[in-house]
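Hi everyone, thanks for coming.

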Amino acid sequence: MGAQRPVDVHRGAAGPVRRAGRAGVEEFAARAPGLPPSLTALLRACFRPDPAARPDRMDELAGELVTVYAQVVGAPYPRERPRPATLLADGLANQALSMLDLGHPAEAEALWERALQTDPHNPHAVFGRGLHRWRAGRLTDAELAGELEAVRATHGGDWIGDHLLGLVHLERGDPAEAAAFLEAAVRRGPDAPEPAAALERARRLRAPGPPVVLEGHAGGVGAIALGPGAATAASGGRGDPSAPAPGSEGGTEGGTVRIWDLAAGRCLHAVPAHAGGFAGGVSAVALSPCGRFTASGGGDGTLLLWDVRAGRVLHRFEDHPGRVASLGFSGDGSLLVSATEGGGVRVWATLGGRHLRTLQTEQDLDRGHGTSVAVTGDGAHVVKWEPTTMRLRVWDTGTGNLVRTMPLPGATVALGPGGRVALAVSDKEQRLVDPVAGLPLRTVRFPVGRGARFTVSGDGARALTDGLQLWDLNDGRCLRTLPGDGRSLVAPALSGDGRHALTAAGRAVHAWRLGPAGPRAPWSHARPRAATELAREADTAGLMLARARGHTERGDWARAAAEIRAARNVPGHERNRELLDLWRAAGRHGRPTAVTGAWEVRPLPDTERRLVSGSVLSSGGVLALRFGGWSLVWLVDVETGERLHALQVGGTSLEALAFSPDGSRLLTGASDGRVRVWDVASGACVHVLGGHRAEVRALAVSPDGRLAASGDERGVVRVWDLADGRRRNVLKGHGGIVFTVGFGSGGQTLLVGDQQRIVTLWELDGERRHILPGRTPAAMSADGRTVVSCGHTVGTLWTADGTTGEADGYVPGPSEELASIEVSADGGIAATVGPGHALRVFDVRAGRLLHRLSDSTTCLAPAADGRFAISGESDGTLRVWDVPAGRCLHSFSAHTAAVAWAGLSADSRIAITRTRDQGMRVWELDWDYAH
């Protein structure tokens, strides 16, 4: 530097710095006597023991070096000082991985959150955060795959989305699925080494393959069991009300036991075993570890022992006084233990079919749903989980003495094969225990929902839920979600080593081979980019943003949209928050044409274990939630996720909610017969409308916000003036409970649906009543001119004039009942959802079916104009539709379970979804507009 003699840092001085940190700096300085003191001080600062005391910004170091240069050379540093670049999502995601590598996961999470605020679909940030959460047990594999599917959809043509999805499938132990994505990544990025290397790893692994599907039961499956070595299985048919007793003619199969050869995928024996009927059918089955015996218990209290090879009954044991809930064999098959829902536990000798002893007599207890029993491999102990008293009980088989009782308050418990491991799950903790020794083994992470059924392997390493989630209890995460269509009424079965499983799916049984976890996915790093490049692109996007704002001030929305679109094409600025907000403002002056992406904004607040029974979204973006069995309403701001108010609404329960059109008022109808009007901003009750003598079951507010209507359980409808809370009309004569009410466009008419499915149109001024053709469900167009109702003849829709009630036509359709009807604003288009989940679109005026859009729709939420709608699907997918065109604009995985309810904001930008297990999420839809 200047006149100073240059120092050869490569020959003698760099080694000590590399070797010994701060001590190396001192040795470096000693070997380089010409080093400027100020530079030596700066090096010492970089190697301070406390990381917080070190310089943490490159511009800070650059400024110090410029000062050192001027001191040594005697002249200012000649180059222009570079501007610091603001890290975008790529850089923040890389920084998060550095923090994780340094052992600071909280800091890493914060950086990933910042990255996703910058770009919700940045592949490296979504993958990094998701992989970290999955490995920590806070995210399931299916949820992570769903997030990456959404990323992949917005990075069309790029190999990164397929590559990251392939890595997840590889780690979750599904190399076949991984290979499909990785092959696509290799095609899209032939020069990228990462997908090619991952594909080679996937091809070396053995895929577990699809399940063996075992079909033959005429009704639902009521019980399943896995045999030794997963070579055989047994299943029992659930009771059927029309099923006859075994040996009689007619009816359905009732309580048939089927024994399966899993290798061949065929039924070895199918034998009518237990009576059908409402309480009948097969309630429990078991296969002996020795492979010789099958036992079956019935809802009628019978217990049968079968020869597996011959498929014949060896012994019929004395009838139990109640339903047989669970069965278990000793390791050599010499002992069989039965447990009833009434609490009885009995031990039987399989050779000779003798009753050996009763360990516990029938108790005066409620029915013990979830009762389970197991016998240790040596036959020395019997273990029982008793859900009624929430206790594990252990008996000495030889003496019949109760040797241990382990209370597990608030827990749901599954016994592993052999009874030496029990998995106990409560709201507070999840843990594995050894029931025989009475010792806790370890605490595990297994956050299943209340009411879930699950099983645990004999070694305590794996658990499987009725939602088909396979959990690795050693790692504390959901390793793999098996493909399926929802929860079963039957708990799954796992082999002792956790490598095989049996699940029930309706009338079929699925046998799974569960492979091990695959190789751990490497982290995904974004390509580092020069600060000058980042700064240049930021300047470009900023200039376009400034020009767009100028155009908006002049009202030139078309030019503003063009500038925003160009700015969003700058790398790293595709989903910049400022640009998105301005794009949304410009969109209000354009015409929506497509959805280019969607991402999760946030989950909504936990409901504190309360069951959400209804949801309504206001035009102002406030979500009202009601809870089954509670006189409580939560108001939640969906933009912030903040719970605004918890309203105590009177009575003991609540069945009806409605917002005013401007979202400023909320109406609640409670079991005490009162309608309460709440100010949404303050949470204050501004009116109490009394007069109903029964529980209020339906509410509506007129489009101008002046009137409200309420219907009760006795068929009475009252119409109110909301300004002063005065009653205006009392409308009677409906057929039982009033379930729905809805105003016409001017508040002059009211549509009412009742328990007898009669559709009534009232002209409020003269209280003139019209009984419309068809039956509920029914819907009125926003202009109030058209009412569409379900036809009396299955497969038709009736239409009527919404002002006079006069029938004016019908539309033939598929032969099915309807669960809901939505009508476009002008009454020309109707969308229907059937109880079989079929989503169909009809041209009402032409009287014809236009489109059959889906066969898995569980809920539908139309946009304000009726042209667009979102549908929730049974597999957890959310779809966005152009309804008249019958075109799916976008779809993404919103949940891993069926979507029970969906809501759409007034501008169609925000979607809210809720599942049956109460998971609620907020999504932002990225619309494209034509100007």
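Which residues in H12 meet which residues in H14? On the H12 side they are Leu545, Ala548, Arg549 and Thr552, and on the H14 side Glu578, Leu579 and Leu582. Contact here means heavy atoms within 4.5 Å.

Before going further, a word on where this comes from. This is a predicted model, where local features need pLDDT of at least 70, side-chain atom pairs count only at pLDDT 80 or more, and totals for chains, interfaces and linings use all residues. Residues are numbered from 1 along each chain as its sequence is written, and side-chain values use heavy atoms, with hydrogens and water left out.

Now the overall picture. The chain has 14 helices and 60 strands; these are DSSP runs numbered from the N terminus, with helices being H or I of at least four residues and strands E of at least two. Its C-alpha atoms fill a box of roughly 110 × 85 × 50 Å along the principal axes. Of the 931 residues, 52% are buried, that is, under 20% relative accessible area with a 1.4 Å probe, counting protein chains only. If you take contacts between residues at least 6 apart in sequence, 45% of them join residues at least 24 apart.

Back to our pair. H12 covers residues 531-553 and H14 residues 577-587, and they pack at an angle of about 25° with their axes 11 Å apart. Axes are lines fitted to C-alpha atoms over the stretch in contact, and angles run from 0 to 180 degrees between N-to-C directions. That makes H12 roughly parallel to H14, a label for angles under 35 degrees, while over 145 counts as roughly antiparallel.

Last stop, H4. This helix runs over residues 58-73, 16 residues in total, and reaches 22 Å from first C-alpha to last, close to the 22 Å expected at 1.5 Å a residue; the expected span is 1.5 Å times one less than the number of residues. Which residues of H4 are buried? They are Leu61, Gly63 and Val68. These lie on the same side of H4 because they cover an arc of only 160° around the axis, taken from the directions from the helix axis to the C-beta atoms. Their cover includes helix H3 (37-46). After H4 comes Gly74, with a positive phi near 85°.

Notes: Buried means under 20% relative accessible area, exposed over 50%, partly exposed in between (1.4 Å probe, protein chains only). Angles under 35 degrees count as roughly parallel, over 145 as roughly antiparallel, 65 to 115 as roughly perpendicular and the rest as oblique.
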